[in-house]
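Please open the model in your viewer and keep the selection tool at hand. We will go from stop to stop, selecting a few residues each time.

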Amino acid sequence: MIASVRGQVTAIAPDGAVVEVGGVGVLVHCTPGTLATLRTGEEARLATSLVVREDSLTLFGFASDDERGVFEMLQTANGVGPKVALAMLAVHTPNALRMAVAAADVKALTRVPGVGPKGAQRIIVDLKDKLGTPEEAVNAALNGSAVAPAWRDQVHSGLVGLGYSARDADEAVAAVASQADAEVAQGRSPQVAALLKAALRLLSVR
């Protein structure tokens, strides 16, 4: 397996880039987000995943090892091939996908071209407990910050990461505030996972 490539970027196209490795130009298919980090003529390092077919060898590249790991995990779901997995990462960040699967957010997953409601439900069932919990996703999104923000910021960031507008996120956070306040009144810290799920349920019925 080719785990990564490092070299000068010699060309960038809408769906991939060519990285020169040892005098050989390697075509690497990437998401728009990854392509945005590359510059022609500059050196780059991409985590990669090689997909082998009878008639082809296709290399997919990612800005981080985590993104590559999620790409490969997505393909363990029934009906998800490399093209759909790459499209999912083009629409959602790895942490947004973790939250969508953990919260069973069919609406978020169907924003991906080629993923319908039934396909989204299969992905949720197949990947449940494999991509991580909403709390882990939020913590990862905070880049290891020693001081976690209030639950409002965490839930708001999670919703925006899933593709909801800031206005929708504000309204959903306000709607679940009483639930969080009740937990605080009982001496417990607000549970971000439960609040995020509650906010997603509210948004899904609008």
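Predicted model: local features only at pLDDT ≥ 70, side-chain atom pairs only at ≥ 80, totals over all residues.

Residues are numbered from 1 along each chain as its sequence is written, and side-chain values use heavy atoms, with hydrogens and water left out.

**Stop 1: helix H3**

Select residues 82-91, which form helix H3. Helices (H or I, at least four residues) and strands (E, at least two) are DSSP runs, numbered from the N terminus. Which residues of H3 are buried? They are Pro82, Ala85, Leu86, Met88 and Leu89. Here buried means under 20% relative accessible area, exposed means over 50%, and partly exposed is in between (1.4 Å probe, protein chains only). These residues sit on the same side of H3, because they cover an arc of only 155 degrees around the axis (taken from the directions from the helix axis to the C-beta atoms). Now show what covers them: strands E4 (43-53) and E5 (56-62) are included, as are helices H2 (65-74), H4 (94-102), H5 (106-109) and H6 (117-127).

Next, pick Leu86, which is buried at 13% relative accessibility. Leaving out residues up to four places away in sequence, Leu86 touches Cys30, Thr31, Phe60, Phe62 and Phe71; contact means heavy atoms within 4.5 Å.

**Stop 2: the nonpolar cores**

Select Leu74, Leu109, Ile123, Trp151, Val155, Leu159 and Leu162, the residues with the most contacts inside the largest nonpolar core, which has 45 residues. Such a core is a set of buried Ala, Val, Leu, Ile, Met, Phe, Trp, Tyr and Cys residues joined through side-chain atoms within 4.5 Å. Helix H11 (residues 192-204) gives the most to this core, with 7 residues. Another core lies apart from it, with 11 residues, including Val9, Val19, Leu35 and Leu46.

**Stop 3: Asp105**

Go to the loop between H4 and H5, where you will find Asp105. Asp105 is buried but has no salt bridge, and the nearest side chain of opposite charge, Arg111, is 5.3 Å away. (Lys and Arg count as positive and Asp and Glu as negative; His and the chain ends are not counted.

**Stop 4: salt bridges**

The structure holds 5 salt bridges. Select Asp65 and Arg45, whose closest N and O atoms are 3.3 Å apart. Asp65 is in helix H2 and Arg45 in strand E4, so this pair ties together parts that are 20 residues apart in sequence.

Then select Asp66 and Arg98, which form a salt bridge with closest N and O atoms 2.4 Å apart. Asp66 is partly exposed at 37% relative accessible area, whereas Arg98 is buried at 12%.

Finish with Arg167 and Glu171, whose side chains meet in a salt bridge at 3.6 Å, N to O. Arg167 and Glu171 are separated by about one helical turn, because they are 4 residues apart in helix H9 (residues 166-175).

Technical notes
Salt bridge = Lys/Arg side-chain N within 4 Å of Asp/Glu carboxyl O.
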